[in-house]
Amino acid sequence: MATAGSIFDKESTRIEEILSKQIDTILPTLDPIWRDTVVSSQGVGPISEFSRDFQVNKLYRTGMTGVIEQGAGAQDFMLYGDPENTDLGARLRRNEAVNSFPDPMDGAKPKTFRLTVPMRAMYTILSLTLGEMQMDATPAVVGDVVAPILQGFAQNLSHTLCNYWYVSQNTSYKLGDIATVTHYTGTGATGATTTTAANVRSSRITLTSGEYDRFFAGQRIDIYAVSSGAATGNRYNGGASARKSVYVAAVDDLKGEVILVSPSGYDTLPAATNVIVYANSGQVDGGGTIAAGFTGIAGVNSWLKSTGALLGSEAISVSGQGTIDVDTHPEFKSFFKGSVGVLTEHKLRQYLRRFHAAKSKLGQTIDSLVASDGVWLSYEAQKIGQYQIERSGNLSNLNKEGSNEGFAFTFEGRTYKGHTSQYVEDGTVYGWKTSGNNWKRYVPPDYAGLQNMSQADSFVPFRFVVPALTGLSSVKWPYQNAANALTEAVQMPGMLRMQLIPDQPAGLKLTGVTTDTVYGD
């Protein structure tokens, strides 16, 4: 900047202000592990498998059939013939058919049972204004206006699907638990601190398990109290009254903080241990109280079960059929181990050996291990004491310090790819199968007129619905105010219908794993 009083300062009005013609839009990238291991190997379930209500019924049978017995119990007549033969003098004999085959009715035959998987949907809306479209058409305006809005919406869809892969159906599909929180009277975590819920305009929070990649600026969220890890009671941002908007304003991944903006404050002041969920993701009554729990597109935590039913409370039972309890059908059970502590090579061998010792006869395998960076760093740290610097009369050499990229663990002829994800809660390791198109994406058939969104990733089955409703080609519909008067805004409603269903649900989940995660000051 020119010094005050200098010729550049005095003649500043004559000097042209040059703006960059390119505006960089910063958006979150998807978890590369989810994209590379699940999406890239994902199959597509056939439409012919949908039943009424767009449910998918997967049929299973397990158990051996027939009767097998040892020949000794019947005097080995299959080897030597029936021993009950009678001599009739020196030249004749008479056969006796005494021994017989086992009773064929004594054999067991497997019953067919089914898993009924419900379809899940998200409904969306996006707005544009004449002012924004006019700016987009004006040559003097720097950068695109409408394109970044559509790009941000497409990325919001992809990021939401990625989050639902990791969040747990058992805990209300929560994005995270609040560890610490400070509330402010100004937006952007500025102004005075406050303990009055109605005066809060922003909050600075930290997360218990460090899953900061699940959050990004612009997300709409709700906050609830917690019971057994799940959301419960009234919504803090609009319980007895209408819902009050809360947004993610910023995420500081280096420091480990999320800044929330709440323009209208809260009904109840959020505090430590409260849970953060997607906005309106739970079924609530008029007072904001949870009425029927939370639903969502099934992710890995909906399928990895060590007890209870696959899909948990979202499993559908009709006339005693439709659900699979892993205690009754242990071939679907996943290997869980809690309070692992420091994950060592020997422990990892133990866990993987137990899984494959139990599951190999069923043809079930694991090929991917996923954890946060703190878990893998701790895993490597405990091996440091095993290293040595080979001198052999030479000077010490530190030219090749550090670690190679990637993680691969080979045991008994199987190689497991280890991946790092910041979407995974710290202290947890997942193991699942991706090969053989194990995970399949089921999407109901489109009806005539629906339009997709070119900016969305190919695996995101999003559709704009206005063309199907109007028979026109435009995805826009006028927006009217409370007095039903036309405004300058248009709305673009849409929907996303999808479910993820694996052929092999069984996997591995380790919890309570020691981590080596560090955040900045």
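**Exercise 1.** Locate glutamate 412 relative to S19 and S20, and determine its accessibility class.

*Solution.* Glutamate 412 lies in the loop between S19 and S20, where strands are DSSP runs of E with at least two residues and helices are runs of H or I with at least four, both numbered from the N terminus. This is a predicted model, in which local features need pLDDT of at least 70, side-chain atom pairs count only at pLDDT 80 or more, and totals for chains, interfaces and linings use all residues. Residues are numbered from 1 along each chain as its sequence is written, and side-chain values use heavy atoms, with hydrogens and water left out. The relative accessibility of glutamate 412 is 48%, so this residue is partly exposed (buried means under 20% relative accessible area, exposed over 50%, partly exposed in between, with a 1.4 Å probe and protein chains only). Its phi is positive, about 50°, although glutamate 412 is not a glycine.

**Exercise 2.** State the strand order of the open sheet, and explain why S17 and S19 stand at its edges.

*Solution.* The six strands follow the order S17-S26-S21-S18-S20-S19, with mixed pairing; two strands pair if DSSP finds at least two bridges between them. Strand S17 (335-337) and strand S19 (407-411) each have a single partner strand, so one side of each is left without a neighbour in the sheet.

**Exercise 3.** Describe how S21 is joined to S26.

*Solution.* Strand S21 (residues 429-432) runs antiparallel to strand S26 (residues 508-510), and three bridges join them. Within this pairing, glycine 431 stands opposite leucine 508 in S26.
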